[in-house]
Amino acid sequence: MILPAVVAAAALLAPAEAELTVVEHPPKTEGSLNVLAVGDWGRRGQFNQTLVAEQMGLVGEKLGIDFVISTGDNIYDDGIANTSDPLFKECFTNIYTAQSLQTPWYIVLGNHDYTGNALAQQDPAIREVDSRYLSIAKSFIVNSDVADFFLVDTSPFYLKYWNSTKYDWRNVAPRDTYIETLLKDLDDALTVSEAPWKIVVGHHPISSACEHGNTTELQQLLRPILEARGVDMYVNGHDHCLQHISSSNSPVQFMTSGGGSKAWAGKFKTTSDKVEFIYDGQGFMSMQLSKTEAHLVFYDIAGNVLHTYDSTKPEDDEN
């Protein structure tokens, strides 16, 4: 599936102020931005993936979305073998068929993507199969006027994965250098960002009350940067649930949207942050942003509104 030229043009790469690649994606309507976020979805339509996709299409049409953010674990169980792997169409192209979803999908990799051919998802050849699938790089920035989205590759942080031979660590090793460079580039990019809203996206949770719980390595290495640089939200998947958690010591809001398919684990953890909402089931999240207002909504597979979050900024807030 190939996007119309006018949409594809919005995803052209632009020079980066920092080392991270920047994608310029101007919103369709000046001064406002509408986005969906979903994660942990690629199961060939099974485990209610198709029902989630249908509701995403309906909400996407209602909001006139600009793009979709994927929080990772895009193809189960082990990513794709290559760019012609039929799993790609079976998990993505054949499922998200609604007209409103024929828009760019900006994508981070999850741990299940790394147990396959991780580089294949960044290969330009995958966009010849479906041009919506914009896993531009392991980490990159989407600049969209009222918001900057910083997509961060979190799997290499997780020591448990690093010590396993089943992960595809090409272009990542040596780990310490990779993480140090990524954190510096992210810190630099956040520092120079002038967007009203700064939203960081990763696969793994920093703070979570669902099955996997807090990620120690991200608490230690990533969280301090988010808090120091005025990040508004961290959006993740990995935990197959929907949740909203408020930081106990900063304005950062932690949003989990990992309900794209298999869920209902029935396992919960504790976190020192404040749990505002938690739903151990399938669904997704929408984000409506202007320069002064943010309105987030969590939906289940029937399209029911489960939780909303609103935040405002003063007109003269220059971040």
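**Exercise 1: Aspartate 73**

Aspartate 73 sits in the loop between strand E4 (67-70) and helix H3 (86-93); keep in mind that this is a predicted model. Work out which side chain makes a polar contact with the side chain of aspartate 73.

Solution. 
- Start with charge: aspartate 73 is buried but has no salt bridge. The nearest side chain of opposite charge is arginine 43, 6.6 Å away, and a salt bridge needs the atoms within 4 Å.
- Now go through the contacts. Beyond four places in sequence, aspartate 73 is in contact with residues including Asp40, Trp41, Asn111, His112 and His203.
- The polar partner is histidine 203, whose side chain meets that of aspartate 73 at 3.3 Å.

**Exercise 2: Threonine 154**

Find where threonine 154 lies, and decide if it is buried or exposed.

Solution. 
- Threonine 154 is in the loop between strand E8 (147-152) and helix H6 (159-162).
- Its relative accessibility is 1%. Buried means under 20%, so threonine 154 counts as buried.
- Leaving out residues up to four places away in sequence, threonine 154 touches Gly202, His203, His204, Leu218 and Tyr234.

**Exercise 3: Isoleucine 278**

Which strand holds isoleucine 278, and which residues make the nonpolar surface patch with it?

Solution. 
- Isoleucine 278 belongs to strand E13 (residues 274-279).
- With a relative accessible area of 32%, isoleucine 278 is partly exposed.
- Together with Phe268 and Val275, Ile278 makes a nonpolar surface patch of about 240 Å².

Technical notes
Residues are numbered from 1 along each chain as its sequence is written. This is a predicted model: local features need pLDDT of at least 70, side-chain atom pairs count only at pLDDT 80 or more; totals for chains, interfaces and linings use all residues. Side-chain values use heavy atoms; hydrogens and water are left out. Patches are made of residues with over 30% relative accessible area and no salt bridge: like charges are joined within 9 Å, nonpolar side chains (Val, Leu, Ile, Met, Phe, Trp, Tyr) within 5 Å. Accessible areas come from the Shrake-Rupley method with a 1.4 Å probe; for residues, only the protein chains shown count as cover. Helices (H or I, at least four residues) and strands (E, at least two) are DSSP runs, numbered from the N terminus. Buried means under 20% relative accessible area, exposed over 50%, partly exposed in between (1.4 Å probe, protein chains only). Lys and Arg count as positive and Asp and Glu as negative; His and the chain ends are not counted. A polar contact is a pair of N or O atoms within 3.5 Å; within protein, one must be able to donate a hydrogen and the other to accept it, and residues adjacent in sequence count only if both atoms are side-chain atoms. Contact means heavy atoms within 4.5 Å.
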